[in-house]
Amino acid sequence: MSIETAPADLASLADRRASGYSLEAPFYTSSEIYEQDLDVVFGQHWIFAVAEAEIPDPGDYVTIEVGAHSVIVVRDDDENVRAFRNVCRHRGSRLLESACGSIGNIVCPYHQWTYRVDGSLIFAESQQDSFEYDKFGLKPVNVRAVGGLVFLCLSDEPPADFDEVSQFIEPYLKPYSLATAKVAHQTDIVEEGNWKLVMENNRECHHCDASHPELVTAYFPISRYEAEDVPPRMQSTFERYQEAQAQLEKACEAIGFPVGERCELEGRATAFQISHLPLDGAGASFGPDGQQLCAKLMGSIEDPRFGDLSLHMQPNSWFHFLGDHAVVFSVIPLAVDRTLVRTTWLVNPEAVEGVDYSVESLTSVWRATNDQDRALVESTQRGVADPGYVPGPYSTVEGEVDAFVTWYVQRVQANV
Ligand code: 3BY
Ligand code: FES
Ligand code: FE
């Protein structure tokens, strides 16, 4: 292979990224770049891990695997959310092998070193008399719970801007009482595509009316569009959207709920977008034509027509908070061309399955949408791996895809 055709390294590929264009193929196909993504993006930024509702009681835990890292997220006896390296301080065995569960103490399967759920070591058999228990507690991982959403940072020096972002987001999340919500359902799907294709696909609705017939009966595919970017065939949809938006704003103002969006999807380490979107039809939820799906509303919300509070966070999550439920999405890379998408549906803790909601109807729109998105991501992975692929230009309605890719390139440049 000549010098000219040798694969470029991540830093120089990032430097030569053509703005407004999709990324070059190696970003999606190179195992070396994938490994660097794990380090630079997933290793250095706040990543979304779980909803607090997944670990409601002391001792409840979830293990999160990111590349070679495994992290235990656990609720301690004081009900705080903690995170620890899933590695025994004796000779390194994995401590918890299950994806989730409930424990009294964390007992290593190898020689039974035993840790409390606050990470402190309380039993290590046959050690020297001089053994100091307090030197061998579990290694903590940086963890923050924001309005019921739990984020981790694997770095010992996490981005400092997370506090500002969480303070901004928290008032929006408060009325939903997510921390005390109930998990109604969770699905894991593995998409045969690079994690960035999964994120890029989520960051536009340019594909929605062709690919998501169920979703677009409730979700306006032109949500967040500037008037001049609305295609002529969608003008009447846009008019309905604007009317619904005005009504939603009025409903928010009436109860003092924050109105207005904030979009900072690039230019900072902890990048996010929050917007409160109206829904089509009945305007309540992701049921057919925007119908309500759970009879009990979330938290302190009283108006079933409360639209969709949409939160997008780099690098690995998006959320829809509706009056009657919440849907929470996390993206975890598994290999250069394999990605886990976990979807969790949350409802009011008092809502009774079979009475107030059915899992089938609560989840049907997003199960269908996820499957349609999976097919799009997989087909794009095959396309970008084809020697015939060259980066193409984003349309005027793919600004958030451009923002995701720009953020990614900025973070590579800042951290490599
Ligand atoms: O989930 C999202 O936020 C984006 C917008 C709607 C479709 N898409 C998956
Ligand atoms: Fe955990 Fe020995 S490796 S107790
Ligand atoms: Fe989609």
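Predicted model: local features only at pLDDT ≥ 70, side-chain atom pairs only at ≥ 80, totals over all residues.
## The four-stranded sheet

E3 and E4 are part of an open sheet of four strands with antiparallel pairing, in which the order is E4-E3-E2-E5. Its edges are formed by strand E4 (81-85) and strand E5 (100-102), each of which pairs on one side only, and neighbouring strands are turned by 25° against each other on average, direction ignored.

At the E5 side of the sheet, strand E2 (residues 60-66) runs antiparallel to E5 and is joined to it by three bridges; Tyr61, for instance, has Gly101 in E5 as its bridge partner.

## The seven-stranded sheet

A further open sheet consists of seven strands in the order E11-E17-E16-E15-E14-E13-E12, again with antiparallel pairing. Strand E11 (182-191) and strand E12 (262-264) each have a single partner strand, so one side of each is left without a neighbour in the sheet. On average, and with direction ignored, neighbouring strands here are turned by 15° against each other.

Within this sheet, strand E14 (residues 308-313) and strand E15 (residues 317-322) run antiparallel and are joined by six bridges, with Leu309 standing opposite Phe321 in E15.

## Helix H8, the sheet and helix H5

Helix H8 lies across E11, strand E16 (326-335) and strand E17 (338-347), and runs at about 20° to E11. H8 (residues 359-384) also packs with helix H5 (residues 195-202), at an angle of about 130° and with the axes 10 Å apart. The two helices are therefore oblique to each other, and H5 passes H8 in a right-handed crossing.

On the H5 side the contact involves Leu197, Val198 and Asn201, which meet Asp373, Leu376, Val377, Thr380 and Gln381 in H8. By class, the residues of this contact divide into four nonpolar, three polar and one charged.

Which residues are found around ligand 1? They are Asn202, Cys205, Cys208, Tyr219, Ser310 and Trp318, and this shell comprises four nonpolar and two polar residues, with no charged residues.

Note on methods: Residues numbered from 1 in each chain as written. Chains lettered and ligands numbered in written order. Near = placed C-beta within 6 Å. Nonpolar A, V, L, I, M, F, W, Y, C, P; charged D, E, K, R; others polar. Pairing = 2+ DSSP bridges. Axes fitted to C-alpha atoms, helices over the stretch in contact; angles between N-to-C directions. Parallel < 35°, antiparallel > 145°, perpendicular 65-115°, else oblique. Left-handed = near helix turned anticlockwise from the far one by under 90°. Contact = placed C-beta atoms within 7 Å.
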